[in-house]
Every structure is written in C-alpha cells, then in structure tokens.
Amino acid sequence: MIVLRTQGAPQRGVFRGRSPRRREAADVEPVPTSRVTVVRAVPFSAQDEAVGWLARLRKERDALLQEATEAAREVNRFLRAHRAAASDPYAREISPEHALVVRVGYGDGDQVAEGQYAAAYALPRGPATSRRREDLSPAERLAALMGGKDEQLACEELVLRARADLDAGRPREAALQARVALEAAIAELGDDGAALAVDRGPVGEAANAALGGDPEEELQEAVTQAVARMEFALRRRRLKDVTRDS
C-alpha cells in the first residue's frame, strides 16, 4: 500500500476583481513537501520479532538501503502509471538519495499510514546506491556545458534513461531504450563508441524480444552490461576532456 500526503502547501489566493498587492521585494513562499509511505504487510508474531528485524537492518547498511530502494521502486511504479493515466510526461520519478529524509520502521496499519512508527531508523544522507558515481565534479561539468566549452551528447541523456529503467525494474523499456542509446553512443563517441559495437547483436535481440514482453534473463543481463559499458565510455570521454583542458 502507498500513502501520499502533502504537507505545508500554501493556500492560493483568489483576486476576485481586486488588483494584486505591490511587493517591494520577493517574498519567500512556503514550499510544500510530500510524504510517501510504502506499507508492506509483514505479520510479526511478536514485538520482539519486529524489534529484532529493525535491529538487524541497522547493523546491515546494504539491507537497509535495499529496503529503501525497493520502496522507491514501488513508488516509481505508481508514478509510471500516473504518467500514462494523466498523459503527463513531466511527472518525475524519485530516488532515496534525493529525499529529505528516509525512514525504515514498523508499526500498526493506522500508525504507519500517518507516517508514524512504533520504532524507526533514519538512513544517513548520501548516495543510496553502490553504483560508481561520476569522477568529475558535476558543478565543473555543468559550467563547461553552459559556457559552451563542452558538448552534451544525445547519448548521455539516452543512457541515463536506460539506467533509470534498469534501476526501476523495467526490463522491456530498458532494452528498447538501450538500443537507441547504443546507436547514438556508437555514432557520437568516436573510437570509444566503435568499441561498443560488440553489444549491437545482444541489445538488438533484447529490444526485439521486448516488443512482445520481458526479454529472457540472459538478454536482460546483456542489456545491463551494455548500459554499464556505455556509462564507462562516457566517463572516459569526460576524463579525456579534463586531461586535454588541463
């Protein structure tokens, strides 16, 4: 079960024919925040069992992060359905690392539906996945892109979309997106792109299979590996650019 709450939303004024007030300076408007609670039915037989479950999660960081990742995946399934139902391409997905706070805990149904727990643990702030992050400072790259000193390639955006599909557990979309991303990467990355041509066969096979449903696990793994190689090729390109500029 997924429970959505919006907190701190400002009330919108209605002009009713009156002129808007003049303001000497821009006021800081209150910002609404959304609280999303993913409730998973885990029938603990006793209080001690629930306490032990949470205690084990606190000791095992990977298990704690996995709980948060699985919850985000469920929310993103809901958001995907919302995009289709509302025809809204701008409904963005979420990730634990972008949340203000992430809590994992237990409680009874009514309690957790209101964002309250009998006991809970807040995850430490920081990257929520173990995937290797960009070696370069995002601020430096952003400045280079906006200043015209670097070029943003089409394959960069396409590879990010394929990665998002993989992380969200959407093998069909990942395969189809990876095929387009791969062709763009081969065209745009020069020698590094030529080395990616080895993935054309398996990724193309996975994309063809995806037209009729989820590809087989072997093909899904081929897509995962191809996306990882494209990400590596893009990192190599950025590092080469930095070396050349310095």
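This is a predicted model: local features need pLDDT of at least 70, side-chain atom pairs count only at pLDDT 80 or more; totals for chains, interfaces and linings use all residues.
## A nonpolar patch on the surface

Five residues, Ile2, Leu4, Val36, Val38 and Phe78, make up a nonpolar patch on the surface. Together they have about 350 Å² of accessible area. Two strands, E1 (2-7) and E2 (33-38), each supply at least two residues of this patch.

Leu4 is one of the patch residues, and its place is in strand E1. Its relative accessible area is 42%. Leu4 therefore counts as partly exposed, a class that lies between the limits of 20% and 50%.

## Two packed helices

Helix H6 (residues 171-188) packs with helix H8 (residues 200-210). The angle is about 145 degrees, and the axes are 8 Å apart. The crossing of H6 and H8 is left-handed.

On the H6 side, the contact is made by Arg172, Ala175, Leu176, Ala178, Arg179, Leu182, Glu183 and Ile186. On the H8 side, Arg200, Val203, Gly204, Ala206, Ala207, Asn208 and Ala210 take part.

## Two residues in loops

Ser87 is located in the loop that runs between helix H2 (61-86) and strand E3 (103-106). Most residues other than glycine have a negative phi. Ser87 is not a glycine, yet its phi is positive, at about 50 degrees. Ser87 has a relative accessibility of 62%, so the residue counts as exposed.

Gln152 is in another loop, the one between helix H4 (138-146) and helix H5 (154-167). With a relative accessibility of 52%, Gln152 also counts as exposed. When residues up to four places away in sequence are left out, Gln152 touches Arg141 and Leu145. From Gln152 to Leu142 the distance is 9.7 Å, C-alpha to C-alpha, and the two are 10 residues apart in sequence.

## Salt bridges between parts of the chain

The count of salt bridges comes to 14. One of them joins the side chains of Glu67 and Arg40, with an N to O distance of 2.8 Å. Glu67 belongs to helix H2, while Arg40 is in the loop between E2 and helix H1 (47-59), so this pair ties together parts that are 27 residues apart in sequence. Glu67 is partly exposed at 22% relative accessible area, whereas Arg40 is exposed at 51%.

Another salt bridge is formed by Glu173 and Arg80, whose closest N and O atoms are 2.2 Å apart. This pair links distant parts of the chain, since Glu173 is in helix H6 and Arg80 in helix H2, 93 residues apart. Both residues are partly exposed: Glu173 has a relative accessible area of 24%, and Arg80 has one of 40%.

## A buried pair and a network

The side chains of Arg163 and Glu231 also meet in a salt bridge, at 2.8 Å from N to O. Arg163 lies in helix H5 and Glu231 in helix H9 (residues 217-245), so the pair connects parts 68 residues apart in sequence. Are these two residues buried or exposed? Arg163 has 12% relative accessibility and Glu231 has 17%. Both count as buried, because the limit for that class is under 20%.

Some salt bridges share partners, and in this way Arg83, Glu93, Asp165 and Arg170 are joined into one network.

Technical notes. Residues are numbered from 1 along each chain as its sequence is written. Side-chain values use heavy atoms; hydrogens and water are left out. Patches are made of residues with over 30% relative accessible area and no salt bridge: like charges are joined within 9 Å, nonpolar side chains (Val, Leu, Ile, Met, Phe, Trp, Tyr) within 5 Å. Accessible areas come from the Shrake-Rupley method with a 1.4 Å probe; for residues, only the protein chains shown count as cover. A salt bridge is a side-chain nitrogen of Lys or Arg within 4 Å of a carboxyl oxygen of Asp or Glu. Helices (H or I, at least four residues) and strands (E, at least two) are DSSP runs, numbered from the N terminus. Buried means under 20% relative accessible area, exposed over 50%, partly exposed in between (1.4 Å probe, protein chains only). Axes are lines fitted to C-alpha atoms, for helices over the stretch in contact, and angles run from 0 to 180 degrees between N-to-C directions. A crossing is left-handed if the near helix is turned anticlockwise from the far one by less than a right angle, and right-handed if clockwise. Contact means heavy atoms within 4.5 Å.
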